[in-house]
Amino acid sequence: MEDYGISYWSSNDFFIDEGVVKINSGSKPALIKIVKDAREKGYKGPLLLRFPHLIAKQVDKLFYSFEKSMQEYKYEGKFHAVFPLKVNQMPHFVLPLMESSTHKSYGLEAGSKSELIVAMAYTNKNAPITVNGFKDKEMIHLGFIAANMGHSITLTIEGLNELETIIAVAKEMGKPYPNIGLRIRLHSTGTGVWAKSGGINSKFGLTSTELLEAISLLEKSKLLHKFTMIHFHIGSQISDISPLKKAIREVGNIYAELRKMGAKNLTSVNIGGGLAVEYTQHQGNHNCNYTLSEFSGDVVFSLKEIAKNKKEKEPDIFIESGRFISANHAVLVAPVLELFSQEYDEKALKLKEKNPPLIAEMFDLYQTVSEKNAIEYLHDSLDHMESLLTLFDLGYIDLQDRSNTEVLVHLIIKKVIKLLKHKNHNEIIRIQEQVQERYLLNCSFFQSLPDYWGLGQNFPVMPLDRLNKKPTRSASLWDITCDSDGEIAFDSTKPLYLHDVDVTKEEYFLGFFLVGAYQEVLGMRHNLFTHPTEFSVILNDKGYEIINLLEAQNVLDVLDDLDYDTKEIERRLKHRIDDSALLDEDRKKEILGQLYIMMSENGYLRTIRNGEKE
């Protein structure tokens, strides 16, 4: 039995019971049941399941933790939060997010004109909007329109030219003005692959010299009273709490100094994003060294101490953590299409009447291997394989002998693993790293897990059922793209073991968890694979309801999105079929009908089980 580290990464959102993964809410249904229900309705290929209750849960946890820390330290400032839309702009995430936070000061952060339009439309009344990133005059104009609509909006300045544009637009449009924030380029940096968001050489923010010049510009333009926030960001997925503490001390002192310089309406410190998500499935490989309670406590305590020492007002605290809010709400489920070594069974063994001596010895090893001699016979079979492959290269054995060699080695390996499955034998792990089972999944990693391909980001992965049986195969995962990078290789330091199943007779599904942050919006159409079919699951005490179903695009829709003229494609295909001298009229109609059916389906594969397509 294997729990796949569910106690490390799931935050008690999922649990294992009766050999299946269940959702820890409502009637606690099994994921495998939801998946099979969807597939019985005709939705094949990969599926993306959303759980809106987990969105609300994360928002509640964030506010509870900061408000508790503020009560503990008698903090006088208030807590506010915004969700950065760049992390997940999908409507079936954003709308439930806003719906679940109507009574909180929880809004949206935009980094582009399109995102700002979404924020202006969906941010709840009295909730904040922040605007980060580089802005032109039109985008700043949009910010003024938002202020005129009654939104509490802050335009965060990334450079002095943006501030000059705000001053110009203010003269054109007049009041009401949006609030103005200044992003600080701190010396402090985070850790990990996203650490370049912080530091003195980071892409965004003002240096100390530019900050002083910005204050001077605001004073001259009589807009200093609209300067209400300073902002910093030291990186996504902050794994170590120490850099954050340092950054808080740095920005807290800047906040106090600016107020002493006359910026009396500066009342907010925006600590950016970066609150880490625990992705690990293995002990000793954790992604963060702190709890949410420690995070909020350190932020609140540090800002209170600085304000006290500097005799300044304790600032309101803003946070823009997106990964923490969105990651856990989505699960990607991929069917296993094939196990590549399953062709190596006894049926594939075609021994001759007279076999080369080493093959005869390997066959004897296979027949006589036992728990007592398993490791010794395994070593012998691998040595024999190397010798036989050399003999093939030299022309001393033929292709059938080579095939028998490969089949026998795999048969011996499978038998040894089965014999020793109850033992954690280091030699077995070493051998499994060399001879892995390749599981072919009906999905595209480039489309559904781009951070794995681009950044080496790990995501928790596990079977949805059979969890009361010990998995025995060291697994590497292959997607269906024709790209060698579409593989999650076996790693002996973070091993993945799966079950030895016959997918021609039974279904086997893998779930990838914590995929709700960035993966959808960054997904790419490598090989023109589209997004999976997705739906939201609403849980209650009696069961669940599937809503917001969005099917994977069909072949023609994908081509249309790439600006192909799909009507022209259909016309050309029909013309070529009509012109074919190889077909009679009835056959032409039959083939054309088949072609139209295929183009109206999505591009993911159809598995074949018991001779029939799904």
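Is C288 buried or exposed? C288 is buried, because its relative accessibility is 19%; buried means under 20% relative accessible area, exposed over 50% and partly exposed in between (1.4 Å probe, protein chains only).

## Basis

This is a predicted model: local features need pLDDT of at least 70, side-chain atom pairs count only at pLDDT 80 or more, and totals for chains, interfaces and linings use all residues. Residues are numbered from 1 along each chain as its sequence is written, and side-chain values use heavy atoms, with hydrogens and water left out.

## Cysteines

The whole structure holds 0 disulfides (a disulfide is a pair of cysteine sulfur atoms within 2.5 Å). C482 is in none; its nearest cysteine sulfur belongs to C443, 14 Å away. C482 counts as exposed because its relative accessibility is 65%.

## Nonpolar cores

The largest nonpolar core has 140 residues. Such a core is a set of buried Ala, Val, Leu, Ile, Met, Phe, Trp, Tyr and Cys residues joined through side-chain atoms within 4.5 Å. F14, L477 and F512 have the most contacts inside it. Helix α9 (residues 241-260) gives the largest share, 8 residues (helices are DSSP runs of H or I, at least four residues; strands are runs of E, at least two; both are numbered from the N terminus).

Another core lies apart, with 24 residues, among them L349, L365, Y377 and V409.

## E534

E534 sits in strand β19 (residues 533-539). E534 is buried, at 6% relative accessible area. Leaving aside neighbours within four places in sequence, its contacts (heavy atoms within 4.5 Å) include L48, R50, H92 and E520.
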